Amino acid sequence: PSWLKPPGVKRGGLGAGCRSHLPMMALALQRRGAGSVAVAVLLHLPLLFSGRPGAVAQQTLKLSSTLTIEKTDDKAKTHDNVASLLSYAKEHKLEGNVIRFLDNTVQQLQKVLDVAKVVEEKRATEVPKHFTPAKYRVKAMPKLQAKKTTVKKIAAAELRKRLKEGKDINFAEPLLVTNATALFGKDDWDSVRRHWSAGRISSDEYLEKELRLEYWQPEKARARLVGNMLEMEEPDLVTFSRYLVVCFHGTPAKPKLPGQNTEHCEQVVNAQNMVHNSSELEELNIFPEIRNALPIQAEFRRRLLEAAGSELHAILGKGTEKWRRRTGSISYRYFTFGPSGSGDKLHAENGLPFYDILIHGSKRWLLLTEAEMERVAGKAREALEFDKTSAYMFFEEKLPELKEEFGLKKYFEANQQAGDLVIVPSGWYRVSLSLADSISYYETILSEKKTLTAVTDNNVWRPQFRQFQLAYCYDTKDLHQLPGVTKGSQLHEWLKEAISKVRGDEAVSGILSVLLQCGSTLALDKAMPNLGVQSLSSCTPAVWKQCRGALEAKLKSKGNSASLAWLPKEAPTAVEDIVLPERSKEEL
């Protein structure tokens with residue numbers, strides 16, 4: 001071809017000697033896509049060109065070859081493969097130009113690997129300034145900040161001093177700890193901001209495979225009326241990367257704007273579901289001085305279910321997994337994240353105090369007492385439905401009306417920036433709006449006797465609130481032994497009739513739930529003796545023995561051969577009272 005014609009040689013003047021080298025000149029041409037790397041090398045081929053008889057000319061031909069490495073290709077493996085080809089060429093003494101060609105390719109690939117290593121090292125130490133990468137970032141809304149922060153502020157050092165003195169975190173009013181990064185260990189705050197960024201989370205292959213977020217499309221109702229029954233709908237389960245695309249990513253022509261496009265996108269996820277193991281959360285344990293019952297109770301439940309093993313399925317049958325999800329664990333640590341403009345409706349945190357540390361972003365908070373909530377709600381709930389609207393609509397439309405038309409006065413507001421910590425006492429209502437793409441970590445606290453009593457009884461025995469599970473542990477002739485039940489009373493007679501109609505599998509499931517709740521409360525005895533758990537609630541050591549005996553009797557009557565060896569006969573006083581099975585060599 002004309003592009004191979006050396007100077008001085010006319011078209012068609014290439015001789016047979018040159019034509020014999022043409023197979024070595026073949027080029028592999030590849031199209032380069034986004035994220036690909038092109039490695040160009042030169043192949044020097046000395047060729048003898050012959051024209052007219054007796055005319056001999058020697059020229060050097062340089063051929064350029066491109067090796068394309070796509071984003072999904074393994075660069076290190078490609079380098080090793082070409083290095084293997086180079087070793088083969090040397091070993092079999094191939095042409096020198098072929099060896100130089102492969103050697104040059106190996107050198108170029110090594111440079112690619114070196115650059116990738118530098119980029120990875122920089123990424124590992126660089127602290128992201130935002131939660132989301134630039135292409136996913138939703139526009140911030142600084143103009144929606146509270147005009148004035150009315151929440152009382154406290155310095156991080158003062159808070160730490162208070163906790164070291166043994167005082168509780170459950171203050172009378174909400175608190176804002178500005179620059180709470182001082183509560184973290186050296187370099188821990190930078191590590192937390194790196195680890196809990198959208199870029200890092202979306203690149204985590206384990207989370208991409210295992211984590212599913214419950215995404216509710218804005219037009220999809222969460223419940224629908226079927227006849228006279230209200231049936232709950234199911235959300236879409238999406239990966240984190242898909243969630244980023246749906247809730248954050250726009251286009252140059254139509255960028256994602258905050259507000260009505262994003263108000264439904266906030267996610268509250270159990271922190272344990274966001275990690276490979278619990279060690280990833282250690283840097284967020286900024287209050288080791290706090291005696292929190294919830295971690296101990298969560299560990300008790302985990303150990304009890306692990307000790308039960310396959311016997312749990314033999315007892316509960318097909319309903320085992322459903323029972324596990326509903327009853328088997330306690331969640332007390334969460335991540336809350338979402339784009340600018342997202343936020344949940346006004347609500348209380350199950351009556352428990354909590355603290356919230358903002359890792360990335362910016363938020364606006366409004367907090368009010370239960371008494372103030374009920375006072376205003378009595379007037380405005382039907383007119384405004386303010387307790388059912390998103391945080392964005394609450395601050396944009398409902399709050400001005402609540403203040404001007406319904407007399408809302410006793411509330412607190414705060415603007416929370418990255419590194420700030422908000423402490424919310426027990427029983428307070430709250431609503432928070434992301435003013436920029438945000439992620440925060442919050443932890444609920446259970447350390448007061450009164451609160452622990454209420455939480456325990458609400459899950460075991462509270463007849464005035466239609467909680468009767470403890471009754472499953474008693475025969476109909478012994479129901480008068482239940483707390484507050486007088487023999488021959490209206491409640492006593494109703495219970496006798498109701499319990500007599502309970503199916504066996506329902507009773508077994510209920511007894512297990514009681515044992516799980518009572519056990520997790522009684523197991524606090526050694527770790528938190530100040531609570532006096534053995535006489536604090538309906539869950540006493542005597543009740544434990546009663547329920548265990550009832551479970552054993554009901555299983556025996558059903559012909560179930562479960563041994564219950566994993567369930568202590570005496571009431572537990574510590575999590576260690578649950579003996580875990582020895583792991584097999586295969587598991588280790």
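So, which helices do the buried residues of α17 pack against? They pack against α10 (311-316) and α16 (504-522), and I'll come back to that helix in a minute.

Quick housekeeping. This is a predicted model, where local features need pLDDT of at least 70 and side-chain atom pairs count only at pLDDT 80 or more, while totals for chains, interfaces and linings use all residues. Residues are numbered from 1 along each chain as its sequence is written, and side-chain values use heavy atoms, with hydrogens and water left out.

A few words on terms. Helices (H or I, at least four residues) and strands (E, at least two) are DSSP runs, numbered from the N terminus. Buried means under 20% relative accessible area, exposed means over 50%, and partly exposed is in between, using a 1.4 Å probe and protein chains only. Contact, or packing, means heavy atoms within 4.5 Å.

Okay, back to α17, residues 541-557. The buried residues are Val543, Trp544, Cys547, Arg548, Ala550, Leu551 and Leu555. Look down the axis of α17 and these fall within an arc of 160°, so they line one face of the helix; that arc is taken from the directions from the helix axis to the C-beta atoms. On the other side of α17, Ala542, Lys556 and Ser557 are exposed. Just after the helix, glycine 559 has a positive phi of about 80°.

Now the sheet. Seven strands make an open, mixed sheet, in the order β3-β4-β15-β12-β17-β10-β9. At the edges sit β3 (152-153) and β9 (267-270), each pairing on one side only. Two strands count as paired if DSSP finds at least two bridges between them.

Let's zoom in on β12, residues 354-360. Seven of its seven residues are buried, so the rest of the structure largely encloses this strand. β12 pairs with β15 (residues 421-424) in the antiparallel sense over four bridges, and there isoleucine 357 stands opposite leucine 421. β12 also pairs with β17 (residues 438-444), again antiparallel, over six bridges, and in that pairing histidine 360 faces isoleucine 439.

What do we find around its side chain? There's a polar contact with the side chain of aspartate 356 at 3.0 Å, and another with the side chain of lysine 363 at 3.5 Å. A polar contact is a pair of N or O atoms within 3.5 Å; within protein, one must be able to donate a hydrogen and the other to accept it, and residues adjacent in sequence count only if both atoms are side-chain atoms.

Last stop: glutamate 413, in strand β14 (residues 412-417). Glutamate 413 is buried too, at 8% relative accessible area. Its side chain makes a polar contact with the side chain of arginine 364, at 2.8 Å.
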